[in-house]
Each structure stands twice: as structure tokens, then as C-alpha cells.
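The following exercises are to be worked with the sequence and the three-dimensional model in view. Each task is followed by a solution in steps.

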Amino acid sequence: MESIFGESPSSSPLGSSPPQQPVPPQQPVQPTSALGEAQPGLTHVDSSGQAKMVDVSPKQDSERVAVASCRVLLGQKAFNLVASNQIAKGDVLTVAKIAGITGAKQTSHLIPLCHNINLFHVRVDLTLNEEDSSVVIEGEATTIGKTGVEMEAMTAVAIARLTVYDMCKAA
């Protein structure tokens, strides 16, 4: 799972890059469209700068699908234990899958300004990657509604990732 705000992360396995000099703060820039028209500002902030939940009531229902992914780099020993289902805490891949699905369903309880939405489907797949001794996790959330499900897909993946780490940390 990589968060990209501005520049893309480097292509190293862990996404790390050399330290850079701090960038001095700049005045906020009002985004513009390709036609030069001003775009709306931040959606979760009111005119006085206070946090708010977005009102989606005027929107039409539409099918919403989001996919997120990440990978958990394990040491060779932990990878071998997961692959042979020998981790002391149990079946890592199955427990992480269930945790990810549960996490998606709890997103609005974890992220304060997320809408509580009716999920139609959540998929969490965990795959072992022998090349780098990692667990690759992909999550998908689906609904029909007025707001997207990207937060649910990312929460599913994040909770599954945390579960893999928790179950493997002793190894």
C-alpha cells in the first residue's frame, strides 16, 4: 500500500528514498481544471476550516467498485512458516482474510468522516510470493450507492496486513 501525494515513491522494494531537504511551506493553490476553471476545495472542510462529513444526498446511486493492494515483506523463516501453515498463532492467510473482510465492514467506525455504507461484496485475497518472501494482499469492495468504497477496500487491505504482521511477529 503506497500513498502518493505529489511525487511517486522510488522503485526500491520498500519504497524508501534518500532524505531530502525540507520544502518551505507554500500558500495553498486552488486546483484548476484543464479549462482553467476553479475546482472545489477540500470536501471534508467547511468554509470556516472545520471538519465536516460530506453531504452525498444530492448524488444519484451508481455502482461503486474499488480495489486496493499491498504486500508484507517477511523474512525467509517467517515466510516458510506461513507457507507450511506452521505459525504458532494459526492459519495466517485465512485469519488475515477474515480480518480484512471484517475491517472493510467497520470502516466508518474507524475513519471518522466515512459514510456508513451498505457493502454488497468484499473480497480479500492473500498470495504468497516466493521471489521476495512476501504476502501480496488485494482487497475489493463493491456497493451501489451515493459514495465510493475506496476507503473500505483500503481498510480491508490495511487490516489484513496488520493481521499478517501480528501473527508473524514472533517469527
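**Exercise 1. Overall fold**

The chain holds four helices and three strands, where helices (H or I, at least four residues) and strands (E, at least two) are DSSP runs numbered from the N terminus. The model is predicted: local features need pLDDT of at least 70, side-chain atom pairs count only at pLDDT 80 or more, and totals for chains, interfaces and linings use all residues. Residues are numbered from 1 along each chain as its sequence is written, and side-chain values use heavy atoms, with hydrogens and water left out.

Task: Determine the order of the elements along the sequence, and describe the burial, contacts and surface of the chain.

Solution. 
- Step 1. Read along the sequence, the elements follow the pattern β-α-α-α-β-β-α.
- Step 2. Of the 171 residues, 29% are buried; buried means under 20% relative accessible area, exposed over 50%, and partly exposed in between (1.4 Å probe, protein chains only).
- Step 3. Among contacts (heavy atoms within 4.5 Å) with a separation of 6 or more, 68% join residues 24 or more positions apart.
- Step 4. The chain exposes about 11,600 Å², and carbon and sulfur atoms supply 54% of this area. Accessible areas come from the Shrake-Rupley method with a 1.4 Å probe; for residues, only the protein chains shown count as cover.

**Exercise 2. The nonpolar core**

Task: Identify which residues of the largest nonpolar core touch the most other members, and which elements each supply at least two residues of this core.

Solution. 
- Step 1. A nonpolar core is a set of buried Ala, Val, Leu, Ile, Met, Phe, Trp, Tyr and Cys residues joined through side-chain atoms within 4.5 Å.
- Step 2. The largest core has 28 residues, and Leu-74, Ile-137 and Val-164 touch the most other members.
- Step 3. At least two residues of this core come from each of strand S1 (62–73), helix H1 (76–83), helix H2 (92–105), strand S2 (121–129), strand S3 (134–145) and helix H4 (150–168).
- Step 4. H4 gives the most, with seven residues.
- Step 5. Beyond neighbours within four places in sequence, the contacts of Ile-137 include Ala-68, Cys-70, Val-72, Val-124, Leu-126, Val-157, Ala-160 and Val-164.

**Exercise 3. Positive phi angles**

Task: Locate Asn-85 and Ser-133, and decide whether each is buried or partly exposed.

Solution. 
- Step 1. Most residues other than glycine have a negative phi.
- Step 2. Asn-85, although not a glycine, has a positive phi of about 55 degrees. Asn-85 sits in the loop between H1 and H2 and is partly exposed, with a relative accessible area of 42%.
- Step 3. Ser-133, likewise not a glycine, has a positive phi of about 55 degrees. Ser-133 lies in the loop between S2 and S3 and counts as buried, at 6% relative accessibility.
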